[in-house]
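Welcome, and thanks for taking a look at this one with us.

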Amino acid sequence: MANNDEKVSKFVDAITEYAEEQSRKIHQEVEDYKAERLHQAEQQVLQDAYLLIQKESAEMRSDRSRDVSRRELEARGHLLEKRRDGMESVFAEAADRLRAYTKTPAYAEGLKQSMAAITEKLPEGERVYYLSRGDEALLEGLKALCPADGRLELTDDIRLGGIRGENRRAGVIADDTLDQLTSDCPNTAIMAIITPLPSSMVMR
């Protein structure tokens, strides 16, 4: 009888040890999973500020709220908002700087060079050159450069300045506007605050 009790006791001990081992493994797996998820969340919020601005705030909150405390999320949200406000301020100041540049003789001369370069790029036949309404006073100086098959027009979709040439029949557009320049190269807007623009706009 004692022998049987000993066997039962050993069996119970073995089952208990196995159960405890499995419990430890499961607990460790859960801890590892939580640590990995937290690490992923931390890496996400450390991404470049410009990329964060492009993300939809709702998606960002959803991604981070699962793993980041509410206080930390709010703090990072405030930081992102400050960065966004700072970027908007930089671009607004750059736009003002570019508008001031369009009132200079250097801009008027650069516009002529830009129109000549665009004319070389556009096929002949029904060439149209679009300028900002703010450049209306410069139309007279550009007429001499306008080819016989071309015409100058003012448009509302060029806000900062520059010139865009089109030959719709050939399906060709040559865009040398300041709007396109700052759209393609956001750093140009920032540099416009630090240094003056060159005396001519270079076709890209």
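In this predicted model, Ile163 sits opposite Asp176 of β4.

- β3, which spans residues 162–167, runs antiparallel to β4, and six bridges link the two.
- The open sheet is built from four strands in the order β2-β1-β3-β4, with mixed pairing.
- At the edges lie β2 (150–155) and β4 (172–177), each of which pairs on one side only.
- From one strand to the next, the twist averages 20°.
- Helix α5 packs on this sheet and touches β1, β2, β3 and β4; the direction of α5 makes about 15° with that of β3.

**The core**
- Ile163 turns up again here: it is among the residues with the most contacts inside the largest nonpolar core, a group that also includes Leu111, Met115 and Tyr129.
- This core has 19 residues, and two or more of them come from each of α4 (70–101), α5 (105–121), β1 (127–132), α6 (139–142) and α7 (178–184).
- Helix α5 provides the largest share of the core, with four residues.

**The whole chain**
- The protein chain has eight helices and four strands, arranged along the sequence as α-α-α-α-α-β-α-β-β-β-α-α.
- Of its 204 residues, 28% count as buried.
- Among contacts with a separation of 6 or more, 63% join residues 24 or more positions apart.
- The chain's accessible surface is about 13500 Å², and carbon and sulfur atoms account for 53% of that.

Conventions. Residues numbered from 1 in each chain as written. Predicted model: local features only at pLDDT ≥ 70, side-chain atom pairs only at ≥ 80, totals over all residues. Heavy atoms only, no water. Core = buried A, V, L, I, M, F, W, Y, C linked by side-chain atoms within 4.5 Å. Buried < 20%, exposed > 50% of the residue type's maximum accessible area, 1.4 Å probe, protein only. Pairing = 2+ DSSP bridges. Axes fitted to C-alpha atoms, helices over the stretch in contact; angles between N-to-C directions. Contact = heavy atoms within 4.5 Å. Areas by Shrake-Rupley, 256 points an atom, 1.4 Å probe, with all protein chains shown as cover.
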